[in-house]
Amino acid sequence: MDYQDTLEYLYNSAPMFQQIGAGAYKEGLDNTQALDAHFGHPHRHYRTIHVAGTNGKGSCSHTLAAILQAAGYRVGLYTSPHLVDFRERIRINGQPVSEEYVVRFVEEERAFFEPLHPSFFELTTAMAFKYFTDERVDVAVVEVGLGGRLDCTNIIRPDLCIITNISLDHTQFLGNTLAQIAGEKAGIIKQGIPVVIGETTSETRPVFQQKAQESGAPIHFAEDENHEQDYPGLDFELKGFYQEKNRRTLLAALPLLKEAGYQFTDKDVRRGFAQVTELTGLMGRWQQLQERPTLVCDTGHNVGGITYIAQQLRSQKYRRLHIVLGMVNDKDIRGVLPLLPRDADYYFTQASVRRALPADEMVRLGREAGLRGMAYPDVPTAVRAAQKESLPEDFIFVGGSSFIVADLLANRDALNLH
């Protein structure tokens, strides 16, 4: 099999949540533990940092990796979902896992894992943990896939746990209240291991406090601490409004990493914050791809994320605002749409995944929320229409779903975006 054949095999034999949603979700850690034992518990061969949360966990994971890379560590980074290429999920010092490694892993190990019928994420996690051992990383920053308690990354014993925030997302698996979702995310808190909580509400804070108390885990609430003064004038490359919360979370984590024996200087911290995309390959976080007209994309896709995006859109200077928007069918679409600006021209579309809500349905729901626009069959068609209707002083925003951004980035050249 070549790389493309291998990806087809992975996507088809191990259902991918990215494509089909709930049908790909497997509860419990039996498969994960079987795979982990088969590979000799690879995650025990390097240090780890575990990052959970509804929004911001990807940005926090990448920025932490960037800081540690700047300090000279060999850093594994495991995140999801990918935007353009599967290999984005598994990186070392910003470089994606090689196509050859992915092919070899599947060819050599399928006789073992096929009888288990693992999910795509279970298999990918096992691949990542083994790859980090094979390539002798010093530390791996591991982003939780879904929830925390039953997520297959939750077999690691990290030096530090971070939970960025809680908002309503994946409610079909994690619960319908903030407290229930917090309980699932709090499942990564472990005996004696410090945990940083980025943001809380009156519903979620007691859940984290109780779990930390039961686990004898020192708990730190970033919103109660002020570490901004440790790094005056810190330049954060990621410019989304929501990144201010991520910055505070990360700055609260840094002293705890030092206590755990990590060595980095002020200069390393500043370089990590200032060059996170260059160091790690992060994409899709208030990412500008065009000037005159300005075109920005962002992967925010739930009420928590879109709230900040809507605020940021309202703060921009432009003649006219154009929004290319699509969502997937298991998100709180009726909760998101009323948050968006009504004085924009909308180009409703659908991503190239099975979970995508049809563009015509987006138009209908948009109309209910007072948003005016037309349907377009795919993301490139919608973006071209927005570009055609825009003057140089206009602003085009593309988002609503990671998959909308993925389709945009996959078609950058055809759309003359850089």
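N416 sits in the segment after helix 17, and its phi is near 60 degrees, a positive value in a residue other than glycine. With a relative accessible area of 58%, N416 is exposed (exposed means over 50% relative accessible area, buried under 20%, and partly exposed in between, using a 1.4 Å probe and protein chains only). Helices here are DSSP runs of H or I with at least four residues, strands are runs of E with at least two, and both are numbered from the N terminus.

Before going further, a word on the model: it is predicted, so local features need pLDDT of at least 70 and side-chain atom pairs count only at pLDDT 80 or more, while totals for chains, interfaces and linings use all residues. Residues are numbered from 1 along each chain as its sequence is written, and side-chain values use heavy atoms, with hydrogens and water left out.

Most residues other than glycine have a negative phi, and most peptide bonds are trans. W286 has a phi near 40 degrees, a positive value in a residue that isn't glycine. You'll find W286 in the loop between helix 12 (276-280) and strand 9, and it counts as buried at 11% relative accessibility.

Two cis peptide bonds are worth a look as well. One joins S80 and P81, with omega at about -10 degrees; P81 is in the loop between strand 2 (75-78) and strand 3. Another joins R292 and P293, where omega is about -5 degrees. P293 belongs to the loop between strand 9 (287-290) and strand 10 (294-298).

Leaving aside neighbours within four places in sequence, S402 is in contact with P81, L83, T299 and H301 (contact means heavy atoms within 4.5 Å). S402 is buried, with a relative accessible area of 10%.

I90 is in strand 3 (residues 90-92) and is buried, with a relative accessible area of 0%. Its contacts, again leaving aside neighbours within four places in sequence, include L77, Y78, Q95, P96 and V97, along with T124, M127, A128, Y131 and F132. I90 and M127 are 37 residues apart in sequence, yet their C-alpha atoms are 8.6 Å apart in space.

V142 lies in strand 5 (residues 139-143) and also counts as buried, at 0% relative accessibility. Not counting residues up to four places away in sequence, V142 touches I49, H50, V51, Y78, F129, T153 and I156. V142 and A52 are 90 residues apart in sequence and 8.8 Å apart in space, C-alpha to C-alpha.

**Helix 5 and its kink**

Helix 5 (residues 99-113) has 15 residues, and at 1.5 Å a residue it should span 21 Å; its end C-alpha atoms are 20 Å apart, which agrees. The expected span is 1.5 Å times one less than the number of residues. Helix 5 does have a kink of about 35 degrees, centred on E107; the bend at a residue is the angle between axes fitted to the seven residues ending there and the seven starting there.

Which residues of helix 5 are buried? They are Y101, V102, V103, F105, V106, E109 and F113. These buried residues pack against helix 1 (3-13), helix 3 (30-38) and helix 6 (120-134).

**How the helices pack**

Two packed helices are described by the angle between their axes and the distance between the axes. Axes are lines fitted to C-alpha atoms, for helices over the stretch in contact, and angles run from 0 to 180 degrees between N-to-C directions.

| Helix pair | Angle | Axis distance |
|---|---|---|
| Helix 4 (residues 57-70) and helix 10 (residues 243-259) | about 45 degrees | 10 Å |
| Helix 3 and helix 6 | roughly 25 degrees | within 10 Å |

That makes helix 3 roughly parallel to helix 6. Angles under 35 degrees count as roughly parallel, over 145 as roughly antiparallel, 65 to 115 as roughly perpendicular and the rest as oblique. Helix 3 passes helix 6 in a right-handed crossing, a crossing being right-handed if the near helix is turned clockwise from the far one by less than a right angle, and left-handed if anticlockwise. N31, T32 and L35 of helix 3 make this contact with E122, L123 and A126 of helix 6.

Helix 4 and helix 10 are therefore oblique to each other, and their crossing is right-handed. Here S59, C60, T63, L64 and I67 of helix 4 meet Q243, N246, L250, L254 and L257 of helix 10.
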